[in-house]
Amino acid sequence: MAQFDTIIRNAWLVDGTGGPSRNADIGIVGGRISEIGNLSNASADELIDAEGRIVAPGHITQHSHYDASIFWSPTCLDSGVNGVTTTLNANCGFSIAPARPADRDRLMLMMATTEQIPVEQQRIGLPWTWETFPEFMDHLRALPKSVNLMTYIPINPLLVYVMGIDAAKTRRPNAEEMVEMHRLIDEAMDFGAVGIALSVMGIEGNSHVDFDGSPMPTDVMHNDDIVDLARGMAKRGKGIVQLLAQIGGNGNKEVSAKIARMAKGSGVRVIHNIFLAIDGMPELIDEDLAWLDGLRAEGLDVIGATILHAGWVEAGIRDLDTAAGQMAGVRKIIACADEAEVRALLTDKTFVQEFSDEYLRQGPTSGAGGFEGQIVIEVGPDAAMQKYLDRSLGEIAEEEGRTVVETLCDLALRSKLALQIKSLPYAAMDGRLGARLLAHPCVTSGVSDGGAHTKAFSSGFYATEMLVRMVREQKAMSLENMHYQLSFKIARALNLTDRGAILPGHWADIIIYALEDLYFDRSRHQIVHDMPGGDWRRLAGAGGYHRILVNGVTTFVDGEESSNRPGKFVEANDSGGGQFAIAAE
């Protein structure tokens with residue numbers, strides 16, 4: 001009888017702890033790492049030769065939105081092929097449970113506007129075999145999947161479930177409703193949810209708006225009610241409160257601080273989203289770290305989550321909401337039934353003037369930035385239009401003496417609606433800025449937004465992009481530290497004690513690759529038609545991993561998906577609180 005189920009031999013082991021890499025063999029039994037060392041004389045049912053390759057823990061994504069797409073993509077779109085082995089859903093307080101049958105369409109509309117997951121994809125792809133959150137989690141447990149799933153309790157559907165959509169947006173919960181929400185949160189955490197998640201960005205400049213342009217329930221919640229929701233978790237003595245409370249310099253940091261002060265010493269952790277690294281704006285990092293250090297100095301368990309991969313947004317005129325959010329002019333364009341209606345609207349001088357005035361008044365309402373910096377990447381076959389390629393809308397508008405919205409509408413018409421635009425990177429290209437954020441022991445990466453905005457970008461590649469740019473190309477961070485940042489540090493932030501590192505007793509979530517083989521195409525996304533109903537999404541060219549194992553079972557070999565579905569529903573298995581390890585750099 002073999003000693004191991006699997007042995008990975010001749011590994012250059014980067015174990016995820018931040019310690020020095022080394023040569024080693026890894027023995028796996030029952031999906032867990034059993035032994036590390038020289039296993040040249042040991043036997044196994046499966047031998048994997050990693051000669052010349054790095055063996056590291058799989059990436060852990062702490063911020064994703066695969067709540068819907070896991071039902072039609074067991075690999076979580078491009079996450080699985082890019083080495084993500086565990087992902088946490090329902091961030092920002094949006095998901096598809098709990099949901100009474102009468103509220104399903106309303107929740108799908110919420111997901112369509114906030115996370116830009118098209119309603120029609122959800123209607124086709126979701127089985128709706130649940131109403132309560134525990135029923136939803138039972139379905140996730142049984143679902144065949146190639147990645148491990150974790151979930152928060154999303155507070156927007158919870159508010160709708162208890163109060164109804166209109167009341168949730170227009171008044172504070174009464175005492176009976178608050179008691180019921182505490183009960184439902186406790187019930188969900190008993191079934192394995194890791195905590196609660198909500199967006200608290202307010203109204204001004206917030207891209208998380210409903211289909212009618214109104215704010216989402218949690219964005220207009222009173223701060224005291226938000227704190228009260230978290231109070232039940234503090235009494236429970238464990239769990240995480242995930243808050244989208246900041247994007248760059250905008251947001252509501254104070255509510256994160258209030259929750260952390262209320263929960264001090266309880267075992268409840270606050271994960272505050274989202275710190276940014278932006279080229280040319282290092283002062284944002286100074287401000288964020290000073291704020292975080294002030295809270296930590298009070299003994300408060302607050303962690304700052306940061307998005308660091310240099311991705312971008314692409315858009316055509318009919319999916320302009322991906323680049324400009326929910327402005328009235330944008331909503332009118334995407335509401336058009338067909339291309340003839342779009343052309344008629346863009347030809348209407350009154351509409352173009354009103355859209356232009358609206359944009360000048362309020363600017364964009366999405367993370368893609370303004371129209372001025374958008375680069376033209378597609379104009380159709382007309383030879384006269386090719387001069388606009390690879391130029392910004394702002395530059396073209398200035399040259400032609402028009403507003404940027406007038407220029408956008410004109411180019412869309414003249415290209416026969418073939419116009420495609422691309423934003424600047426939404427995170428710093430300078431890897432030193434990201435490395436500076438991650439040098440803080442309480443700032444974590446693993447923010448992808450994967451599963452959301454699929455007609456604007458793909459982002460399951462985030463760790464691949466960081467390895468290529470920050471480690472291989474710019475050498476802004478060591479390989480050992482990067483894998484610590486992509487796995488073990490996040491695992492400890494999420495109170496996972498047996499994932500995120502290649503250590504005896506840990507689950508064997510493993511990636512095998514050569515750094516020089518990883519690739520990331522920065523030019524533009526591909527269009528692939530693999531969503532429900534044959535609908536399309538954007539897909540970045542990224543990958544290069546030789547083999548990926550989840551719970552000791554191979555899911556990908558050289559980019560080819562296996563038929564194995566070893567993913568598990570994962571619960572946080574640490575009581576919470578406390579510091580996590582710091583990797584030397």
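Helix 12 passes helix 15 in a left-handed crossing; a crossing is left-handed if the near helix is turned anticlockwise from the far one by less than a right angle, and right-handed if clockwise. The model is predicted, so local features need pLDDT of at least 70 and side-chain atom pairs count only at pLDDT 80 or more, while totals for chains, interfaces and linings use all residues. Residues are numbered from 1 along each chain as its sequence is written, and side-chain values use heavy atoms, with hydrogens and water left out. Helices (H or I, at least four residues) and strands (E, at least two) are DSSP runs numbered from the N terminus.

Two packed helices are described by the angle between their axes and the distance between the axes. For helix 12 (residues 339-347) and helix 15 (residues 404-414), the angle is about 140° and the axes are 10 Å apart. Axes are lines fitted to C-alpha atoms, for helices over the stretch in contact, and angles run from 0 to 180 degrees between N-to-C directions. Helix 12 and helix 15 are therefore oblique to each other, given that angles under 35 degrees count as roughly parallel, over 145 as roughly antiparallel, 65 to 115 as roughly perpendicular and the rest as oblique. On the helix 12 side, Arg343, Leu346 and Thr347 meet Cys409, Ala412 and Leu413 of helix 15, where contact means heavy atoms within 4.5 Å. By class, the residues of this contact are four nonpolar, one polar and one charged. Here Ala, Val, Leu, Ile, Met, Phe, Trp, Tyr, Cys and Pro count as nonpolar, Asp, Glu, Lys and Arg as charged, and the others, Gly among them, as polar.

A second pair is helix 6 and helix 7 (residues 223-236), whose axes come within 10 Å and cross at roughly 45°. That makes helix 6 oblique to helix 7. The crossing of helix 6 past helix 7 is right-handed. Residues of helix 6 in the contact include Met178, His182 and Asp186, and those of helix 7 include Asp228, Leu229 and Arg236. The contact of helix 6 with helix 7 divides into six nonpolar, two polar and five charged residues.

Helix 6 also takes part in the largest cavity, giving three residues, the largest share of its lining. Helix 3 (133-142) and helix 4 (155-163), like helix 6 (175-190), each supply at least two lining residues. The volume of this cavity is about 60 Å³. On a 1 Å grid over the protein atoms alone, a cavity is a set of points where a 1.4 Å probe fits but cannot get out, and a pocket is an open set with protein on both sides within 12 Å along at least five of seven lines; lining residues have an atom within 4 Å of a point. Grid points are joined across faces, edges and corners, and a volume is the space filled by probe spheres set on the points.

Pro98 is one of the residues that line the largest cavity. A cis peptide bond, with omega about -5°, joins Ala97 to Pro98, and Pro98 is found in the loop between strand 8 (84-89) and helix 1.

The second largest pocket holds about 730 Å³ of space. Among its 21 lining residues, Pro118, Arg318, Asp321, Ile334 and Lys455 are the closest to its centre.
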